2 protein chains.
Amino acid sequence: MTQPTLVSAAMIAIGDELLSGRTQDKNIAHLARFLNVKGIDLAEVRIVADDSQAIVEAVNTLRSQHDYLFTSGGIGPTHDDITTEAIAKAFGVQVITHKQAYSRLASHYHSRNIEFTPARQKMAQTPENAILIDNAVSVAPGYIIQNVYVMAGVPAVFNAMILSVEPQLQGGAILLSASIDCPHGEGTIGGELTLIAKQNPHVSIGSYPRFDQQTYSTQIVMRSHSQDALDEAEKNVELMLVKIQRNESK
Amino acid sequence: MTQPTLVSAAMIAIGDELLSGRTQDKNIAHLARFLNVKGIDLAEVRIVADDSQAIVEAVNTLRSQHDYLFTSGGIGPTHDDITTEAIAKAFGVQVITHKQAYSRLASHYHSRNIEFTPARQKMAQTPENAILIDNAVSVAPGYIIQNVYVMAGVPAVFNAMILSVEPQLQGGAILLSASIDCPHGEGTIGGELTLIAKQNPHVSIGSYPRFDQQTYSTQIVMRSHSQDALDEAEKNVELMLVKIQRNESK
């Protein structure tokens, strides 16, 4: 089997509200599903507070370990939006007013007869040499600096920004998947499934228990870069289920 | 103002399914809300794959930085449940069959006339010197090793385990909070709110935008260990809103 090209990514979700339980994050699962389809492996996510040092450390660790790093949150107009300052610090560059961002925002507010306050002007700031990410929902842009994609935390805006950058992301081999619902608990299938996992080294097999009051069942998810390998593992799991049923009806 | 006792925690959510977008995590927000009430500051969360090295690294980094570390996921009976092996590796100890866990599981399955398979026996394994965490939902226990609390990923079981360990957790000063719904966008209040944040150094003020088709509004959340400081900040924000309304009706 030829080696598939693997592309990996990490994400940092930024915001005190995610760590206080005030807000249930939705961006992580959205990005995960998006990258999965794109052939980019989301390898790690960190949720950090609105704390400059925490952001700088996470950014510098993860941008060097992965092909892409995505961040969500902290690029709005208020004092607690410190992401841009921290990203600039992580890269050792200055925060500047990005001319193109400024003019987009100025014309947006002017056309709506809304004052372009200093707080709103803050949303035109980026680290030096950043490339803007369009925001089809509410104009204020995100930006790209090297392999780091800085996006908003509001889910509708985050999703719009993901769509904006989609054409620029280079995916690798798509991870194919198949899943089988299994009417047995993990304790019943665990032993056999371990053997199947060993027999299928090119397939990652996940087992996800469901507990419905008194009954356990399991979803078995198989993932591989090779369709043939995936088909083989799927066949093995189906045979296992037939075998269990035969034993039970004895 | 006397210095409040600060207690901090981190969490590691373990599982490929969280990084593929298959599963929307619910445990993070649940733990966050629980710790918040308990006076424990959840400072960082990492989501990592079912990958031994990734788990070991995250565990060793976070257990040394925080008073408590909580993990979710990867302690079930199947081959992809590798958390216990990784935790033992992080502490440099052996994985053993925990006698008390074994006897709980054995009697549970025996009483239900269910075979106590090797896969199910795997759930009795812990690192050496671990203390069990009760599982009121499905018996298979979690465990504590030093300051690390290893719990299940299934939300109902995770929540039950949190309740089990609750009496043992030592909280610090409770973070008090107040919130004000504000009918203005962040761009309108951002400048004034920055001044209020500067005037109230003992209060952390967060500003959370809401976008409802065409209208922006904001929720302002204030958090402090001091009720007096919180009251003062709340008064400042209310005065700001009165001032804005007065200006708009001019």
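This is a predicted model: local features need pLDDT of at least 70, side-chain atom pairs count only at pLDDT 80 or more; totals for chains, interfaces and linings use all residues.

**Stop 1**

Turn chain B by 180° with a shift of 0.0 Å along the axis, and it lies on chain A with an RMSD of 0.0 Å. That is the relation of a two-fold axis. To find the axis from the chain B side, select R46(B): its C-alpha is the one in chain B nearest the axis, at 2.2 Å. Now look at where the copies touch. Both use the same surface, and 98% of the contact residues of chain B turn up again in chain A.

**Stop 2: the domains of chain A**

Select 8–168 in chain A for domain 1, then 176–248 for domain 2. How far apart are the centres of these two domains? Taken over C-alpha atoms, they are separated by 39 Å.

**Stop 3**

A quick tip before you zoom in: to describe two packed helices, you give the angle between their axes and the distance between the axes.

Select residues 186–199 of chain A, which is helix α8, and residues 227–248, which is helix α9. Their axes come within 10 Å and cross at roughly 155°. An angle over 145 degrees counts as roughly antiparallel, so that is the label for α8(A) and α9(A). The crossing of this pair is right-handed.

Now show side chains. On α8(A), pick T188(A), I189(A), E192(A), L193(A), I196(A) and Q199(A). Their partners on α9(A) are A233(A), N236(A), V237(A), M240(A), K243(A) and I244(A). Colour this contact by class and you get seven nonpolar, three polar and two charged residues.

**Stop 4: α3 and α4 in chain B**

Bring chain B back and select residues 52–65 (helix α3) and 83–91 (helix α4). Here the axes are 9 Å apart and the packing angle is about 50°. Are these helices parallel or oblique to each other? They are oblique. As for handedness, α3(B) passes α4(B) in a right-handed crossing.

**Stop 5: α8 and α9 in chain B**

Last, select residues 186–199 and 227–248 of chain B, helices α8 and α9. They pack at about 155°, with axes 10 Å apart, and are therefore roughly antiparallel. The crossing of α8(B) and α9(B) is right-handed. Residues that meet here include L193(B) and I196(B) in α8(B), and V237(B) and M240(B) in α9(B). By class, seven residues of this contact are nonpolar, three polar and two charged.

Terms used. Residues are numbered from 1 along each chain as its sequence is written. Chains are lettered from A and ligands numbered from 1 in the order in which they are written. Side-chain values use heavy atoms; hydrogens and water are left out. Copies are superposed by least squares on the C-alpha atoms of residues with pLDDT of at least 70 in both. Contact means heavy atoms within 4.5 Å. Domain bounds come from an automatic or database domain assignment. Axes are lines fitted to C-alpha atoms, for helices over the stretch in contact, and angles run from 0 to 180 degrees between N-to-C directions. Helices (H or I, at least four residues) and strands (E, at least two) are DSSP runs, numbered from the N terminus. Angles under 35 degrees count as roughly parallel, over 145 as roughly antiparallel, 65 to 115 as roughly perpendicular and the rest as oblique. A crossing is left-handed if the near helix is turned anticlockwise from the far one by less than a right angle, and right-handed if clockwise. Ala, Val, Leu, Ile, Met, Phe, Trp, Tyr, Cys and Pro count as nonpolar, Asp, Glu, Lys and Arg as charged, and the others, Gly among them, as polar.
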